[in-house]
Amino acid sequence: MNIVILDTSQQIARLAAEQVIGVVQSCESPVLGMAAGATPLLLYAQLIHCYGKGQISFRSTSTFNLDEYVALPPDSTNSYRYYMQSNFFDHVDLQAKNSYLPDGRADDLQLAAKRYERTIASTGGIDLQILGIGTNGHIGFNEPGSSFASRTRVVALSDSTIDSNRHYFGESGAVPEKAITVGIGSILDSRGLLLIATGEHKAEAVRAALEGPVSPICPASAVQLHPKVTVLLDRAAASQLTHRDDYIKCQQTPPGLASATPR
Ligand code: F6R
C-alpha cells in the first residue's frame, strides 16, 4: 500500500489526477470506477483542467460509478448522475454511452444490480477505482457489516450516512434511505484502488481502515487485502494514524506516485 500524506487538498487532487491520467494513457480502453461526494470534487476539477490543456482525452474511457440513490430521478440535483454530469462528464470528451451509474429507478432493482455487475465485467473490469470513505468507514455505500464478498446490490443506508447526507437535501428534503452500491467484492476486483480522504472528521475511519483489523465492521479495511492501493491523505485525515511518521518518511522520493516507496 502506498500511503501518501500531503499538505493540501489541491496537492492531493494533482497527484490523484496524475494517477488517473497515467491509467487512462496506458490502457487502450480504460475503465475508471468513480465516486461521488465532496472528496473527489477537486480531482474532477483537475482532470477537467488537464483535458482543457489537451493533456488527456477520455474518448475511449468508460466509467462506472460506485453507487446511486434508489428512486431519485437522474435530473434531481441530488442524484449522483446529476453530480457526475455537472462536475465531470459535461466538461470532458467522455462519450455519453460509456458513463454508467447503477439504475436506482429500475422496476426490478435486484436485476438492475446484477446487470450492472455484468456490464462492468463485459468491459473487462475496472482499471482504477476511485474511493472516498465515510466517517463510519463505508466505501461506496457498503455500510459496516457488509460482506467482503458482496457484489452490486440494494442496500439500506445507515443512520450516520443518512445524517451526513442531510445537508445536501436541505431542511425539508427527504434523504433517501436506500441505494444501489457496487459491493466490496466487486471493488476488490478492480486492478487498482485510489482512496482519498481529507479532513479531521475522516481521521478515525482512516485509522480503522489502514491500521485496524481487517473486518466488515470497517468496510474500508478491505483495501488492506488489495495488492495495488494508493491512499492520499491530508494531515488532518492522517492525524490518528499510529505509524504516520513512517509513511511520511517513505515519501522523501515523491511527488510522483511511481517513485513512492511501497509500504
Ligand atoms: C459516494 C461514495 C461514498 C463517499 C463517502 C464519502 O459515491 O461512494 O462512499 O465516498 O460517503 O463522502 P464525502 O466525500 O462526501 O465525504
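Which residues are exposed on the other side of H5?

## What you're looking at

This is a predicted model, where local features need pLDDT of at least 70, side-chain atom pairs count only at pLDDT 80 or more, and totals for chains, interfaces and linings use all residues. Residues are numbered from 1 along each chain as its sequence is written, and side-chain values use heavy atoms, leaving out hydrogens and water.

Helix H5 spans residues 159-169, with Thr161, Ile162, Asn165 and Phe169 buried (under 20% relative accessible area, with exposed being over 50% and partly exposed in between, using a 1.4 Å probe and protein chains only). These four sit on the same side of H5, because they cover an arc of only 90° around the axis, taken from the directions from the helix axis to the C-beta atoms. Helices here are DSSP runs of H or I with at least four residues, and strands are E runs of at least two, numbered from the N terminus.

As for the opening question, Asp159 and His167 are the exposed ones on the other side of H5.

## Met34, tucked away

Met34 belongs to strand S2 (residues 31-34) and counts as buried because its relative accessibility is 0%. Beyond its neighbours within four places in sequence, its contacts (heavy atoms within 4.5 Å) include Tyr44, Phe64 and Met84. Met84 is 50 residues from Met34 in sequence, yet their C-alpha atoms are 8.8 Å apart.
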